[in-house]
Amino acid sequence: MRLDKTEWVLLAVAVALMLGGFIAPQWLVFLLTIALAKGLVVQGVVMQMRAGLVTFGQGLFYCIGGYAVGMGGQFLQITELPVLLLLGVGCSVLVAMVLGLLLTRYRDIFFAMLTLAFSMILFGVLVKSHGLGSTDGFNVTSWSLFGWVPEGSQSAQGVFLLTCVCALVLAILLHRYMRSGAGAVCEAIRENEVRVEYLGLSPRWILYMNYVAAAAVSALGGGLTALAAGHVDPEMAYWTTSGEFIFIALLGGTAHVAAPFIAAVLFAVVRTYAIELVPHFWQMILGFTLLAIIVFLPKGLWSLFARRNGGSAA
């Protein structure tokens, strides 16, 4: 399959990141790993935003993906990295297939509040589950890859490389999805759902498939986060976590598949230095950052690149 210009750029950036990971300090590798993993979760949020739905509960699938990876190692003694990630994605898809039957009936604030409700239900269940560490969570066991067991810093390096590969593959697939007929129909549903029905299509089932696909992408991000951090806890499903994903989605915008990753990295950097410099007021820094984006870049950070490309073309 031939790659277009955008996909070649994505490939070049991913290769540069992976090569830079071998010489970058460990703290930066960890920060980029978490940022790219959360960028995958934000991709799930953006997929639904492009269809006119805003979810306040994407932390549900982020948490399921992370806990499935942790529980697979703790209780099922699974150590193979691909199997653990597939377990997280599979569990999230099954949950999404059930919840989607209900959620895709609703729109606007009703959809948003229902997604938040299910996420908080999972949070409450995990907090009361003493076998899973209750509010403290539990550590994720060491992993292996086709018999190779990483030692020391090799584990962090391996998860970083895997995260870059997953981000690249998903970015290319989502880029093609956005340009496909299904992606165009999602935007049409956002603009005028009634007219889509007149075309003979079912908006509900298109949104259902989009919802399940977004859950799978977000679960992959949750699994990678669990492997990178080596720990999972109920905060992954808490409403503030889902709010963080919406924050990043608004920060980047929905115009390009690379926007969530750029916004996630910028968010991680701003929050890290804000906590270090003003530990008691770092939330205010993030709030002012979002306010500035909404006022000056209402379409997100990617609008800067769009303006530049438009100016060059002109």
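Predicted model: local features only at pLDDT ≥ 70, side-chain atom pairs only at ≥ 80, totals over all residues.
Along its principal axes, the C-alpha trace spans about 55 × 50 × 45 Å. A compact globule with 314 residues would have a radius of gyration near 20 Å, and the chain, with 19 Å, agrees with that expectation. Of the 314 residues of the chain, 47% count as buried.

**View 1. The largest pocket, with a volume of about 580 Å³.**
The lining of this pocket is made up of 21 residues, and V9, L10, V13, A258 and I262 are those that lie nearest its centre. Two or more lining residues come from each of helix 1 (5–20), helix 2 (26–49), helix 6 (153–179), helix 11 (259–277) and helix 13 (302–313). The helix that gives the most is helix 1, with 7 residues. When the lining of the largest pocket is sorted by class, 17 residues are nonpolar, 3 are polar and 1 is charged.

**View 2. The largest cavity, which holds about 110 Å³ of space.**
The count of cavities of 30 Å³ or more comes to 2, and this view shows the largest cavity. Its lining consists of Q43, V46, M47, R50, L174, Y177, M178, G183, C186, E187, N210 and V257. At least two of the lining residues are supplied by each of helix 2, helix 6 and helix 7 (181–191). Sorted by class, the lining of the largest cavity has 7 nonpolar, 3 polar and 2 charged residues.

**View 3. A184 and R50, two residues that are 134 residues apart in sequence.**
In space, A184 and R50 are 9.4 Å apart, taken from C-alpha to C-alpha. A184 is part of helix 7, and this residue counts as partly exposed because its relative accessibility is 42%, which falls between the limits of 20% and 50%. R50 is also one of the residues that line the largest cavity, and helix 7, where A184 is found, supplies at least two residues to the lining of that cavity.

**View 4. The second largest cavity, which holds about 30 Å³ of space.**
The residues around this cavity are F247, L251, L266, F267, V270, L286 and T289. Helix 10 (239–252), helix 11 and helix 12 (282–296) each supply at least two residues of this lining, and helix 11 gives the most, with 3 residues. By class, the lining of the second largest cavity has 6 nonpolar residues and 1 polar residue, with no charged residues.

**View 5. The aromatic pair formed by W143 and W148.**
The structure holds 9 aromatic pairs, and in the one formed by W143 and W148 the rings are 6.1 Å apart, centre to centre, with 70° between the planes. This pair is edge-to-face because the angle of 70° is over the limit of 60 degrees. W143 counts as buried, since its relative accessibility of 5% is under 20%, whereas W148, with a relative accessible area of 39%, is partly exposed.

**View 6. An aromatic cluster, together with a charged residue placed over a ring.**
F61, F111 and Y211 form one aromatic cluster. The view also includes R204, which lies over the face of W205, at 5.3 Å from the ring centre.

**View 7. Q77 and D108, two residues that are not glycines and yet have a positive phi.**
Q77 has a positive phi of about 55°, and this residue is found in the loop between helix 3 (59–74) and helix 4 (81–103). Q77 counts as exposed because its relative accessibility of 58% is over 50%. D108 likewise has a positive phi of about 55°, but the place of D108 is in helix 5 (residues 108–127). With a relative accessible area of 57%, which is over 50%, D108 is therefore exposed.

Technical notes: Residues numbered from 1 in each chain as written. Heavy atoms only, no water. Helix = DSSP H or I, 4+ residues; strand = E, 2+ residues; numbered from the N terminus. Buried < 20%, exposed > 50% of the residue type's maximum accessible area, 1.4 Å probe, protein only. 1 Å grid on protein atoms, 1.4 Å probe; cavity = no way out; pocket = protein on both sides within 12 Å on 5 of 7 lines; lining within 4 Å. Points joined across faces, edges and corners; volume = space filled by probe spheres on them. Nonpolar A, V, L, I, M, F, W, Y, C, P; charged D, E, K, R; others polar. Phe/Tyr/Trp six-rings, centres within 6.5 Å; stacked < 30°, edge-to-face > 60°. Lys NZ or Arg CZ within 6 Å of the ring centre and 35° of its normal. Rg over C-alpha atoms; globule rule 2.2 N^0.38 Å.
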